There are 4 protein chains.
Amino acid sequence: MAKRSAPMEIEEAVRAVRTSSRRRQLLNAAVAVMQTTGFHQMSMQALADQADVSVGLIYKYFGGKEDLLLAAIVDILDAFRDELDPAMDAVGDDPVERLVAGFRHYVEIVDENLDAVVLTYRESRTLDPQGRERIKELEVETSAPLRAAVEAGIAAGLMNDLDPDLVVFNLMMLAHAWALKHWHFAPRYTVEQYIRAQVRFVLPALLAPGAADDYRHLME
Amino acid sequence: MAKRSAPMEIEEAVRAVRTSSRRRQLLNAAVAVMQTTGFHQMSMQALADQADVSVGLIYKYFGGKEDLLLAAIVDILDAFRDELDPAMDAVGDDPVERLVAGFRHYVEIVDENLDAVVLTYRESRTLDPQGRERIKELEVETSAPLRAAVEAGIAAGLMNDLDPDLVVFNLMMLAHAWALKHWHFAPRYTVEQYIRAQVRFVLPALLAPGAADDYRHLME
Amino acid sequence: MAKRSAPMEIEEAVRAVRTSSRRRQLLNAAVAVMQTTGFHQMSMQALADQADVSVGLIYKYFGGKEDLLLAAIVDILDAFRDELDPAMDAVGDDPVERLVAGFRHYVEIVDENLDAVVLTYRESRTLDPQGRERIKELEVETSAPLRAAVEAGIAAGLMNDLDPDLVVFNLMMLAHAWALKHWHFAPRYTVEQYIRAQVRFVLPALLAPGAADDYRHLME
Amino acid sequence: MAKRSAPMEIEEAVRAVRTSSRRRQLLNAAVAVMQTTGFHQMSMQALADQADVSVGLIYKYFGGKEDLLLAAIVDILDAFRDELDPAMDAVGDDPVERLVAGFRHYVEIVDENLDAVVLTYRESRTLDPQGRERIKELEVETSAPLRAAVEAGIAAGLMNDLDPDLVVFNLMMLAHAWALKHWHFAPRYTVEQYIRAQVRFVLPALLAPGAADDYRHLME
DNA sequence: CATGAATGAGAGTTCATTCAT
DNA sequence: TATGAATGAACTCTCATTCAT
């Protein structure tokens with residue numbers, strides 16, 4: 001009996017995997033093409049060529065061009081959201097250590113997705129209001145662990161009493177800046193150098209007077 | 001002779017003014033349309049309607065659509081560059097005062113050109129390499145007075161020995177953030193509040209330990 | 001031997017029936033979809049969904065979309081042709097009675113196949129010349145029993161000496177009108193009323209002066 | 001003063017005429033292409049070629065393909081409606097004479113627009129509900145003068161007491177049949193012969209017993 | 001200087017058909 | 001026998017650009 005049902009489950013699983021891998025293949029191709037030509041300049045034919053499939057097939061996996069854009073952006077933001085928490089957990093409970101680890105990892109993900117990050121800035125206005133809303137929500141979700149660290153830091157008296165919201169968005173902007181101003185920073189800094197320089201810039205602004213000495217090691 | 005040339009000069013001046021006012025009229029219309037629809041969605045017909053001229057006329061003043069985009073972006077960046085210096089001069093010679101005044105004014109200009117600023121982020125990849133280069137140069141030019149203030153501040157021992165380049169780009173990013181994340185900040189802050197909050201965030205990071213007390217008034 | 005062949009025959013018969021039932025299933029589905037969306041708007045996927053089979057299977061039973069259309073139309077016309085004769089035989093030998101019975105039955109079949117009839121008018125131009133020819137032949141074949149009745153009626157002096165061909169095509173047009181102008185007639189007449197009204201209209205035109213009285217009962 | 005306003009009026013008039021002639025040119029081309037290939041088979045490129053304009057221009061004068069179809073059909077029906085009344089007035093006041101003249105002219109218009117008439121049957125289902133409604137209204141409008149003649153004839157005791165609505169639709173069907181079954185009738189009849197044959201068929205059905213003799217000349 | 005009718009290449013999207021499973 | 005993923009040509013429609021007036 002299990003034998004009879006198994007094939008069906010397998011078949012379904014196979015299809016699910018195939019579907020998912022096609023989506024991934026197409027999303028990767030889409031980001032690759034968009035990074036060089038931009039969303040509007042990307043023709044569906046060009047995308048098909050890049051992904052090595054036919055144009056028609058794209059429409060089996062995505063509702064249309066805009067749907068593809070939304071999926072690509074959401075895909076990136078999902079990565080941010082899902083990777084941030086574990087990276088922060090890895091360094092323990094100290095709010096400052098957690099925040100710095102979070103920022104560091106955020107920049108690293110940005111570095112691995114330079115074009116995708118730029119994409120979220122360039123093309124989100126292209127989406128319909130619903131899609132835009134979705135993206136804003138994701139961005140806020142993503143910032144949640146950072147915000148929690150800031151709030152914990154303030155509560156523990158380790159950080160100055162600044163608006164956590166502003167602090168978090170500032171950190172995200174500085175992380176995004178690595179992508180947005182890559183033309184400017186790349187010749188001057190490696191990612192690692194960029195991260196350290198920004199931490200050196202930001203920490204003094206955050207740390208409460210009494211706590212500054214305890215985190216000297218984070219600023220070398 | 002003077003009699004003959006005078007009318008001509010006037011005619012030329014009239015033409016120059018008219019030409020210039022036509023360009024302005026078209027640029028304003030272009031920014032107005034782009035802010036709602038985006039560059040790619042803007043049809044030349046829509047632009048012509050907005051500017052109350054015929055499509056054909058646009059091509060008398062601009063080489064084409066992309067040329068118009070470049071002109072619009074350059075136009076905005078010119079404003080930044082030209083207004084920053086005077087605003088900083090108005091507060092005297094103190095590097096810290098100058099830097100804060102510069103940042104304050106920068107954000108104010110951003111606030112008056114929200115859509116235009118977003119435009120520079122969204123559409124610069126659309127331009128040809130030459131146009132992109134032009135924009136980067138302008139951005140660097142714009143940052144010059146801010147950089148000078150930072151360098152002066154460091155030289156005078158008023159500011160920490162940070163990379164002036166990084167500091168300036170950070171300040172610009174935080175100013176741009178008022179436009180880029182306007183959906184997030186606008187419900188929480190007025191421009192004035194945003195400026196003060198950011199100054200409170202940034203100054204502690206910049207000021208040398210000994211100088212902090214002297215600029216308490218800037219952070220209220 | 002018989003033992004070996006019997007199963008095969010059964011198998012073949014099963015296959016034949018299944019083939020035939022598949023064809024029928026598909027034709028019914030096709031007519032059902034076409035009646036709501038039209039032939040050109042009907043996608044093979046929609047047809048497959050309606051028939052609850054896969055797209056691929058359709059091509060095992062029909063050469064393609066146009067082949068399917070021809071089959072659907074021929075199917076309808078076959079029904080007309082095959083049902084008319086028996087219905088006319090049922091009323092005996094009198095040419096007028098036969099003609100009226102034929103017309104009556106014709107309208108009734110039209111009523112049961114409203115969309116299919118409209119289909120023959122709407123889509124026959126879609127077919128290739130050969131297919132069109134086939135349909136014209138079928139229509140002529142279908143009209144044969146009616147024509148025979150008219151010719152018999154004229155020969156017997158019961159009907160006026162009109163062109164039988166014209167009479168028959170007129171009758172068919174008036175029958176088709178029940179489908180073609182259904183939007184107009186349906187709110188005003190039931191089928192039964194429509195048939196009687198048309199008989200009352202047509203009979204006086206057909207009946208020879210001396211015969212009129214004998215068929216009063218047909219006109220109530 | 002008049003001089004200043006005149007040019008504008010002329011300019012407007014010129015544009016109106018040009019617009020109208022473009023529409024006509026396109027409608028004629030559309031009917032020409034549709035008659036050979038059918039609406040769905042007609043590509044906008046084929047239409048453009050036939051009309052000797054560019055594809056883009058078509059969209060300046062029509063909202064799209066379906067709009068063009070509606071316009072083409074309406075155009076034909078308008079001709080029917082506008083030409084019927086004058087033709088009937090020309091023969092005087094006698095209801096029977098008027099009806100016959102109306103029918104005769106109706107068939108003649110059909111003969112001049114064979115493909116267009118077939119078009120109205122083939123493609124009206126293609127239109128959206130609003131367009132379909134429009135067409136039904138036009139058809140009813142067109143039938144008005146015929147209906148008036150029938151009603152007058154019945155009131156005057158010249159015609160049998162049949163449903164005028166049915167009579168009129170029957171006449172229209174028989175007129176349309178000249179187009180719908182042209183493949184069948186054309187080899188057998190000229191238009192003139194067809195008209196006379198149909199009049200001979202229909203009049204006996206309509207005329208009241210007493211009036212039959214007075215209209216013998218109409219049936220030759 | 002100013003117009004806007006006209007162009008036509010190129011876009012996104014659909015869908016009849018095929019074929020490996 | 002039956003499937004449905006994959007194809008790619010063909011479709012309608014848009015719009016930057018030109019040019020006769």
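Residues are numbered from 1 along each chain as its sequence is written, and chains are lettered from A, with ligands numbered from 1, in the order in which they are written.

**Confidence in chain A**

The pLDDT is the predictor's confidence in each residue, on a scale from 0 to 100. Chain A has an average pLDDT of 88, and 92% of the residues score at least 70. Among the elements of chain A, the lowest mean pLDDT, 73, belongs to α1(A), and the highest, 96, to α3(A); such elements are DSSP runs numbered from the N terminus, namely helices (H or I, at least four residues) and strands (E, at least two). Residues 1-7 of chain A have a pLDDT below 50, and beyond near neighbours in sequence this stretch has 0 contacts in the model. Where pLDDT is low, the predicted coordinates should not be read in detail.

**Domains of chain A**

Chain A is divided into domain 1 (1-62) and domain 2 (66-211), with bounds that come from an automatic or database domain assignment. The centres of domain 1 of chain A and domain 2 of chain A, taken over C-alpha atoms, are separated by 29 Å. Between them, 8 residues of domain 1 of chain A are in contact with 12 residues of domain 2 of chain A. On the side of domain 1 of chain A that touches domain 2 of chain A, the residues divide into 6 nonpolar, 2 polar and no charged; here Ala, Val, Leu, Ile, Met, Phe, Trp, Tyr, Cys and Pro count as nonpolar, Asp, Glu, Lys and Arg as charged, and the others, Gly among them, as polar.

**Contacts between chains**

The contact between chain B and chain A takes 26 residues from chain B and 26 residues from chain A. On the side of chain B that touches chain A, α6 (114-123), α8 (164-180), α9 (182-185) and α10 (191-206) of chain B each supply at least two residues, and α8(B) gives the most, with 8 residues. That side of chain B comprises 14 nonpolar, 5 polar and 7 charged residues.

Chain B is superposed on chain A by a rotation of 180° with 0.1 Å of shift along its axis, at an RMSD of 0.1 Å, by least squares on the C-alpha atoms of residues with pLDDT of at least 70 in both. That is the relation of a two-fold axis. Of the residues of chain B, Arg122(B) comes closest to the rotation axis, with its C-alpha at 1.9 Å. The same surface serves both copies, as 100% of the contact residues of chain B recur in chain A.

**Surfaces near the DNA strands**

A residue is near a strand if its C-beta atom, placed from the backbone, lies within 6 Å of it.

| DNA strand | Residues around it | Closest residues |
|---|---|---|
| DNA strand E | 29 residues | Gly56(A), Gly64(A), Gly56(B), Gly64(C) and Gly56(D) |
| DNA strand F | 29 residues | Gly56(A), Gly64(B), Gly56(C), Gly56(D) and Gly64(D) |

The largest share of the surface near DNA strand E, 4 residues, comes from α3(B), whereas α3(C) gives the most to the surface near DNA strand F, with 4 residues. The surface near DNA strand E divides into 12 nonpolar, 11 polar and 6 charged residues, and the surface near DNA strand F has 12 nonpolar, 11 polar and 6 charged residues.

**A loop residue with positive phi**

Asp52(C), found in the loop between α2 and α3 of chain C, has a positive phi near 60° in a residue other than glycine. In chain D, Asp52(D) lies in the loop between α2 and α3 and has a positive phi of about 60° although it is not a glycine.

Technical notes: Predicted model: local features only at pLDDT ≥ 70, side-chain atom pairs only at ≥ 80, totals over all residues. Contact = placed C-beta atoms within 7 Å.
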